[in-house]
Each structure stands twice: as structure tokens, then as C-alpha cells.
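This briefing concerns the structure displayed below.

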Amino acid sequence: MKTYQMFIGGQWVDAASGATFDDLNPYTGEVYSKVAKGDAQDADRAMAAAFGARKEWAATPAIARAQILNKAAQILETSRQEFADVLIHEGGGTVGKVMFEISQTVDLIETAAADGKRILGETFNNDPTKLSMTIRRPRGTVVAISPWNFPLVLSIYKVAYGLATGNTVVLKPASESPVIGLKIGELFERAGLPAGVLNVVTGPGSVLGDALIDDDRCSFVAITGETLTGRQVAQRAAAKLKPYTLELGGKNPLIVLADADIEYAVKSTAFSAYLHQGEICMSADRIIVEEPIVEAFSEALTGLVSHLPVGDPSLPTTFIGPVISDNQVKKIDGHIKDAVAKGARLLTGGTYEGRLYQPTLLANITPDMKIYYEETFGPVASIIPVKDEKEALEVANDTTYGLSAGVITRDLEKALFLGEGLQAGMVHVNDGTIDADACCPFGGCKGSGIGREGGRYSVEEMTEVKWLTIQKTKRLLPF
């Protein structure tokens, strides 16, 4: 068992208090590592290092920043197994999931490196007496707060674009996945990133997160997490007029219309609902199906879900691994029991052993059930029958969330109707709800967040716009 230090000012250091905390393997329940437990003193040290490095890093040519980012991507590509081991044993990710995550992360770093070399402004020609333009400058120091479910790629969205646009970064990874955050610090250290430009602090979010956000040296906050946490972060940041992006939870609908290819729709649903045990903000947990095919669809989906391999995430054959914590198991089980007690029909699953929760499928869901409106974040999906695409849209939008949605149909007119009408930041036609592209805007509306990550959207979020004018002739003045 290894003990990990924090990464501050280019040095690996213990917490100021000397405290550590246990990082557990969610499959075995055993201690995977001991990690430095930071507090407000450590937040101050990290912010001081980042603030001190900000001017020199902002003045570094974009091509030089890109070279470091590309070097980090190359190191990650050649160190896949090293990072995969952490993602499996610390986060409970299955082999397929973590390899997919690493590939996405390599692509994201390379894309950020390229985007950092084309930070664009505009010129305005409405007044011939002046040159009028916008320029974009780094915000300063970015505080990045990342989640445990996709801890590598969702940290890198913030870190890579923060660095590419000339900001310094303080990363606070989730306490359930601190080591992968520290591995990110190690990755960029190996790539030659100057000291202080990236800092990684570990410990309780209620202490570190608050201290980092409240610090006057923090210029921008980027968080992926639960909606409740996002609201708290927004309140703290807004109190000091700090800009932020929030990528939060979802209660994502997957609509299957009567003309769909049922076999394809079933496979798309299973992938969207049960990948990484359903612990994905984009997971499809409301499967809205037109009545003419609901019986055939339910039977086929039940058959597939009941045979999904559950077990040790380090085995390449496993599709469903462990839920992240005992508390999360209790929440999942509570949602299912509440639904069944109120009349839901259990088609498959509904049992667990340790942190291995069997993939579960429910029918006869009604709005009075917790599972109808609360984010479950587990291997659970519910089938909801509807008369037509209009009712499907009403049911899909009947939520406080608005992250991702999927529509499976062969009817282009209905696809456009739903694509335009769904209240979600991302809609995928003839696909499930889980998709991401380094160039495309990732994020949601309503309770699923504010702002977007990825491509030029991250560039815009992580830079400030300045309007600059130069008079070509002396301006006419009234005196």
C-alpha cells in the first residue's frame, strides 16, 4: 500500500497537518492507498504557488504550452496500464470503461493543445476612424473540482484547457478518487510543466473546496459534481463575483419510438443505462417507449440486462463493477424499494452483494416515486410507456434536470421535433444518451448546470474578453 503526497509548487509535499486519509478499493473494500489530507493551509499554499506562476505562464508562447500538453498526451498513451490500474482499483471502473476513458483523455489533451494556439478575437468595422477589436486573455488561476466517476477525463477537461489558455490551475479531485488526480500532477510534471502552474490538493471538499473558492487569488471555478454541490459552489463563487462553469447531474431520457429497430434500441439502452454501473451523469435511467412496441422492447431488454456480467472490474469480461460506496448502495436500494412499494414492477435485478448491485430494470413507474425524479446514479433504469412522440416529449421534459437525451426512430420529422423540443444540453438521435467529443460542447441546462466544456467552448469560458480600440485619427470632441 502506497502513501501519496500532494503536488504543490512543483514539489511533492505532506499535508501541513501531517494528516492522511484512507482511499478504498470499492470492489474489495480494502484500503487501496493512504493520501495526504489537506486543509485550509494547504489550499493557501496551492493558491500561492499558482498565483505566483500565473504571469510567466500567461506570457509563455502558445506553441510552447502546446508542446508540453502534447508531451503529456504522449506519456499518457505509453502509460495506459499504469493509469488503468488506478482507475480500476480506486474507482471500480471496468477494463473497457477505463480504456475508453484513457483514449478520450489523450484526445482531449491533444485537442486542448491545438485549441490553445487559436484563441480568436474579432474586429469591428462600424467606425472607419478607429481600429476596433476584441482580444482574449487568461482569467488567471482556475480552481478545478472533479468527480469520482470519470475522474481522469473530467479533470482533464478543466486542467488541459486551463493550461492551454494560459491559466494556472489548482485541481481538487474527489476524495473517492484522489490518486488519479495526483497522477495527473505527476503526468504534467513528467511533461515538463513549470513549477506552480498545476497544483493538486487532496482532502475533504467541505474544507478544501470552500477555501479555494473563497480565496481572492481564485479567478474562475470549474466543477463537475452533484447538483446540490453545484448550487453551493455557485453561491460561494457568486458572493465574490467569480465566474464559473457547473457540470452537474442528470435524469436522462432515452426515447424509443414504434418504428425503431428494437434490437439496436435494446443494445443502445443497455449501454446507456448500465455502463460503469450507471454512475455517469449522462446515463439513461428513463426509457420512454411508444406503446405498440413496449412489450417486445421490455422483454428483449430484460433478457439482455439479466445476463450482463457482474463482478471483479479487473476482469475484461466484466461489464458491471462495484458501486463506489456503501452509502451509494443504500441510496440505489432505497429508490428501488420505494418504487416497488408504490406499485412499480421489478423486471430484473433489485438485489446486491457487497457493493455489487445487480443491473435492475423497472416498469409501472409513476411520478410519486423517488426514482421518477431523483438521480439514482446506479445500474437502474425504468421503462415508461407513452402514446406518441408528443407525450414522449412531455414525459422527457418532466424533470428539473436537462443534461443529455437520446431518440431512436427512423422518422426524420419526429426526430427533428424531439431534437428541438427536448430540454437538454445534448441530444443524440439514433443513439443513446452517452457520448462525448473533445471538440463539442459538453454541458446541460436547468438543474444540470451552467456553461460548456470542450473545444472553443472551454476556450471562451477560461478566457476574458477585452474590447480594444485604436484611434486612426483624432476623435471629434465637443470642446
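Glutamine 277 is buried because its relative accessibility is 0%, where buried means under 20% relative accessible area, exposed means over 50%, and partly exposed lies in between (1.4 Å probe, protein chains only). The structure is a predicted model, in which local features need pLDDT of at least 70, side-chain atom pairs count only at pLDDT 80 or more, and totals for chains, interfaces and linings use all residues. Residues are numbered from 1 along each chain as its sequence is written, and side-chain values use heavy atoms, with hydrogens and water left out.

**Residues with positive phi**

- Glutamine 277 sits in the loop between helix 9 (262-274) and strand 14 (284-290); helices (H or I, at least four residues) and strands (E, at least two) are DSSP runs numbered from the N terminus.
- The phi of glutamine 277 is near 60°, a positive value in a residue other than glycine.
- Most residues other than glycine have a negative phi.
- Asparagine 364 likewise has a phi near 60°, and its place is the loop between strand 18 (360-363) and helix 12 (370-373).
- Asparagine 364 counts as partly exposed because its relative accessibility is 42%.

**Overall fold**

- The protein contains 15 helices and 23 strands.
- A compact globule of 479 residues would have a radius of gyration near 23 Å, so the 24 Å of the protein agrees with that expectation; the radius is taken over C-alpha atoms, and the globule rule is 2.2 Å times the number of residues to the power 0.38.
- Along the principal axes, the C-alpha atoms fill a box of roughly 75 × 60 × 40 Å.
- Of the 479 residues, 55% count as buried.
- Among contacts (heavy atoms within 4.5 Å) between residues at least 6 apart in sequence, 74% join residues at least 24 apart.

**Surface and charge**

- The accessible surface is about 19700 Å², and 53% of it belongs to carbon and sulfur atoms; areas come from the Shrake-Rupley method with a 1.4 Å probe, and for residues only the protein chains shown count as cover.
- The 46 positive and 59 negative charges have mean positions 9 Å apart; Lys and Arg count as positive and Asp and Glu as negative, while His and the chain ends are not counted.
- Each charge is placed at NZ of Lys, CZ of Arg, CG of Asp or CD of Glu.

**Nonpolar cores**

- A nonpolar core is a set of buried Ala, Val, Leu, Ile, Met, Phe, Trp, Tyr and Cys residues joined through side-chain atoms within 4.5 Å.
- The largest core has 64 residues, and Leu163, Phe188 and Leu198 have the most contacts inside it.
- Helix 5 (residues 151-164) supplies the largest share of this core, ten residues.
- A second, separate core of 27 residues includes Met369, Ile384, Leu393 and Leu422.
- Beyond its neighbours within four places in sequence, leucine 198 is in contact with Phe7, Val159, Val169, Leu171, Ile184, Gly185, Phe188 and Leu193.

**Two further positions**

- Asparagine 397 lies in the loop between helix 13 (389-396) and strand 20 (404-408), and it is buried because its relative accessible area is 17%.
- Leaving aside residues within four places in sequence, asparagine 397 is in contact with Gly421, Leu422, Gln423 and Lys446.
- Alanine 40 belongs to helix 1 (residues 40-59) and is partly exposed because its relative accessibility is 44%.
- Residues up to four places away in sequence aside, alanine 40 touches Val207 and Ala211.
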